[in-house]
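Here are my notes on the model you sent over. Have the viewer open while you go through them, since I jump from the ligand to the strands and then to the loops.

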Amino acid sequence: MPAFNLDTCARPNILALEPYRCARDDYKDDGTNILLDANENAYGPSLLNSTAIPANQGPSLDLTTLHRYPDPHQEPLKQLLCTLRTTHAHTPKTLTPANLFVGVGSDEAIDALLRCFCVPGRDKILVCPPTYGMYSVSAQVNDVGLVKVPLLPAPEFGIDVPAVTAALSSPESDRVKLVYLCSPGNPTGSLLRKDDIRAVLEHSTWNGVVVVDEAYIDFSPAEASLAEWVAEWPNLVVIQTLSKAFGLAGIRLGAAFTSPAIARLLNSLKAPYNISSLTAGIAEFALSEGGGLAKMRENRAKLIAQRERLVREMPMIPGIGRLRGGEDSNFLLYEMLDKEGKPDNVTALAVYEKLAETKGVVVRFRGKEHGCLGCLRITVGTEDEVTRFLASLERTLAEVRGTAPAADEEQKEVAASSIVA
Ligand SMILES: Cc1ncc(COP(=O)(O)O)c(C=O)c1O
């Protein structure tokens, strides 16, 4: 028998990991479900309308060169990202490829920053719950501690600036190397105030880096992105992704905008060929005027119209409570109410399960997140998906809350409505 014992051999923080779970672990994509759980882009990739890309009309993917390693530096792709994000709304300066790290989704940037700044077993990051789960998963993988300073209560879900400032002023604060802020937040859907982010950046004694995760920024008002602000702050990183507004979650392309000095460190620690040639080719096409940018804007407009429709129509459904976050993203956070009209996790969990199991509609239960009691997070889908979602939700809530008409009553309703139709 080998002396190997996994329990004493692996790092204890890795052994203690709870694998990241998503709603699709519970409910698979069987081709019939409506998937409103992962904040993807329901209208598809920012490429072309046809699924097969005709020559000269799509990304130039030269399959004959796939035996060669991809470009480790990705300058053309970085330049396109700079052109997109240089708006001169936040600085007169202009971004250059030296301001960028590109990674396998923004999840790689989140992890690379931790590995860059935090000594395992000693250092910490600060997060503001409710927030994106991968910051703490990555911290745990790297044996890095967590300081939690909750966001202000819903519906604002803003940064609690005095509390963050105090946490970064405590005797332990030299261990905190990174503050992860999410704007617009997941699951809150709210943009953070620029002045609040500035207050953290301006902290007079704390020696650390502020990371602003802008995964959903293209669903926010124009010029909300602070990416170009990295030209003004040596301690700011802004993370973005092509997984959301660009509808390209499958190619895995994320970016970190930052000072050339931090970008140099991130580029030094990454695997040399982290971005495949296929990913780079598709991403370059998606980011080009005359390429996928028009498609992205078209799909974004459709999603924003459906988001506005949900905000109008959700309150008409009995049992729907308050919108708990903002409207700056491609998802909305709504309370489910019990029979007494109170936000309730039992109701929300039952609605989540029943929607998936009996109606084939998958959303995300977020009721256990800080300040999100009784909440479901609903990704905005296509017009048809939203129509089916609203009808399914109304029916499911009535069933769960015990206000649905009895089966024979329902039959009569269907008969009556078909006579009217
Ligand atoms: C706030 C936030 N940041 C980052 C990501 C990860 O995105 P990517 O697909 O670029 O790894 C997500 C994905 O859901 C997210 O919600």
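**Notes on the model**

1. Helix H5 (residues 105–117) gives the largest share of the shell around the ligand, with three residues. Helices here are DSSP runs of H or I with at least four residues, strands are runs of E with at least two, and both are numbered from the N terminus.

2. Before going further, the ground rules. This is a predicted model, so to speak: local features need pLDDT of at least 70, side-chain atom pairs count only at pLDDT 80 or more, and totals for chains, interfaces and linings use all residues. Residues are numbered from 1 along each chain as its sequence is written, and side-chain values use heavy atoms, with hydrogens and water left out.

3. Back to the site. The ligand is surrounded by 13 residues, and the closest are Ser106, Asp213, Tyr216, Thr241 and Ser243. A residue is counted here if one of its heavy atoms lies within 4 Å of the molecule. By class, the shell has four nonpolar, five polar and four charged residues.

4. Ser106 uses a backbone N or O atom, 2.6 Å from an oxygen atom of the ligand. Asp213 puts a polar side-chain atom 2.6 Å from a ligand nitrogen atom, and Thr241 has a polar side-chain atom 2.5 Å from a ligand oxygen atom. On its own the ligand has 400 Å² of accessible area, and the protein covers 92% of that. Areas come from the Shrake-Rupley method with a 1.4 Å probe; for residues, only the protein chains shown count as cover.

5. Which strands pair with E8? Strand E2 (residues 100–103) runs antiparallel to E8, joined to E8 by four bridges, and strand E7 (residues 236–241) also pairs with E8 in the antiparallel sense over four bridges. Pairing requires at least two DSSP bridges between the strands. Ala256 in E8 is the bridge partner of Phe101 and also of Ile239.

6. Side chains in E8 are worth a look. In a regular strand the side chains alternate between the two faces of the sheet. In strand E8 (residues 254–257), Gly254 and Ala256 point one way, Ala255 and Phe257 the other way, and all are buried. Buried means under 20% relative accessible area, exposed means over 50%, and partly exposed is in between (1.4 Å probe, protein chains only).

7. There is another sheet to check. Four strands form an open, antiparallel sheet in the order E9-E10-E13-E12. Its edge strands, E9 (320–323) and E12 (364–365), each pair on one side only. Strands E10 (residues 331–336) and E13 (residues 375–379) are antiparallel and share five bridges, with Leu332 partnered by Ile378 of E13.

8. Why are there zero disulfides? A disulfide here is a pair of cysteine sulfur atoms within 2.5 Å. The sulfur of Cys118 is 9.0 Å from the closest cysteine sulfur, in Cys116, so it is too far for a bond. Likewise, the sulfur of Cys182 is 10 Å from the closest one, in Cys128, again too far. Cys118 is buried at 6% relative accessible area, and Cys182 is buried at 8%.

9. Two cis peptide bonds deserve a glance. One goes from Pro129 to Pro130, with omega near 0°; Pro130 sits in the loop between strand E3 (124–127) and helix H6 (134–141). Another goes from Ala154 to Pro155, with omega near 5°, and Pro155 is in the loop between strand E4 (145–148) and helix H7 (161–167).

10. Check the backbone at two non-glycines as well. Phe157 has a positive phi of about 50°; Phe157 is in the loop between E4 and H7 and is buried, at 2% relative accessibility. Arg252 has a positive phi of about 60°; Arg252 is in the loop between E7 and E8 and counts as partly exposed, at 31%.

Note on methods:
A polar contact is a pair of N or O atoms within 3.5 Å; within protein, one must be able to donate a hydrogen and the other to accept it, and residues adjacent in sequence count only if both atoms are side-chain atoms. Ala, Val, Leu, Ile, Met, Phe, Trp, Tyr, Cys and Pro count as nonpolar, Asp, Glu, Lys and Arg as charged, and the others, Gly among them, as polar.
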